[in-house]
Structures are given as structure tokens and as C-alpha cells.
Amino acid sequence: MKRKTTVLERLAREEISRNIKYYMTLNKKITLQQLAELTGIPKSTLGNYTRKANSPTPEAVEKIARALEVEPEDIDPRLVNIEEAKQVVQNSQKLFDLEKENFRTNLRFLMKEKKITEREIAKITGYTIGAISHWLTGVTTPPAEAATNISEALNIPVSTLLSKPSENLKMAILDAIPDDITEEEAKKIIDLIKEKKYL
């Protein structure tokens, strides 16, 4: 008696079929015959995969992925290591939180340095005063494009808003140093900056 295909199995076959076809097209428009020669898997078997007739074994997925120069999980998403995926998500969240905090701190620093108010920032960027106030206090999270839009409006690099706050402070200090100071005075300033860990 033929085993009934489950919903999850059917979805997996559709995804695998889509992925094989996509990477075959991406990889110099490789044909099914060429893929068969590269993998050692019969063309008819590969055809079953692309027609969603059945699913490849992990070993077959490995061969197909190697031939198409991708990772096995790019072909069969069921092979994704859950713990590794969780770690990627966690690391992405940490990076996002860090950039968000950098954005808040750097925007405050920039406003203080340039003597710009929330109202003025709102006027030149198109964001509301309320939105900017909430970003500065951490009530809400700025949209991904906020740093780009604000940096373009203020004619500054976007890294000024997303880099470590100490980088902006370091640049502000260095910019404030007069050109006509003596070598001894310059050395004292550099030593002080290093002591405060701005360099």
C-alpha cells in the first residue's frame, strides 16, 4: 500500500524542487543532465526531485549542494541546524540592540555638538518630534532606514550614527586640536586620549 504523503513532506518537496531549480539557473544555467554527471545521481531521480515526486536523502542533498556550490540546507531547509540557527538569530538581535543604542547615544551627541534641537531634526528629516523624542529615550525603536535618512539630511556618514560612541568623541576631540600646538603639547593630548581609551 502506498504511503500517504504528509503535509510537511509535501511542503519539503516543493521547497527542495524550487531550490534545486533556482540554483541550477543561478549556476550558469546548468542542465539536469549536467547535474546528474556532477553528482552521480541518475537524471530520472533528479527529475523526481524537481517534479516533487519524492525527496532526496541527506546524502543526495549533500551531492547536489556540492555540485551547485551551496550549503545542503540551501537545498533542503530541514537540514538546518536548529541550535546554529538560534545562535545566528541571537547574534543578530545583539547586533541590532547595539546599533540601536549607538544610534541613540550618537544622535544625542550630534545634536549637542551641532546645537540642533529635536524640532530642527524633525523639520529637516521629515520625522515627527514625537518619534525622534521616543528614539532618544528608548521608548520606541527607530526604523532601519532612520540612520540613513538622518545622515543624508545632515550630510554626515551613516557610520557617525551607528559606530561606537567613543569613535565620534575621539573625532570631535581630534578636530578640536589646533594645528599650531607644539609637539610636546600634542603628545600630552594623545596620552590623555589614550588614557581615557578614546584611541
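Buried here means under 20% relative accessible area, exposed over 50%, and partly exposed in between, using a 1.4 Å probe and protein chains only. You're looking at a predicted model, where local features need pLDDT of at least 70, side-chain atom pairs count only at pLDDT 80 or more, and totals for chains, interfaces and linings use all residues. Residues are numbered from 1 along each chain as its sequence is written, and side-chain values use heavy atoms, leaving out hydrogens and water.

Start by selecting arginine 18, which is partly exposed at 47% relative accessibility. Its salt bridge partner is glutamate 15, with the closest N and O atoms 2.5 Å apart (a salt bridge is a side-chain nitrogen of Lys or Arg within 4 Å of a carboxyl oxygen of Asp or Glu). Glutamate 15 is also partly exposed, at 28%.

Next, pick arginine 78, partly exposed at 45%. Glutamate 9 meets arginine 78 at 3.3 Å, N to O, a link between distant parts of the chain, 69 residues apart. For aspartate 76 and arginine 78, the closest N and O atoms are 3.0 Å apart. Glutamate 9 is buried at 14%, and aspartate 76 is buried at 4%.

Definitions and conventions. Helices (H or I, at least four residues) and strands (E, at least two) are DSSP runs, numbered from the N terminus.
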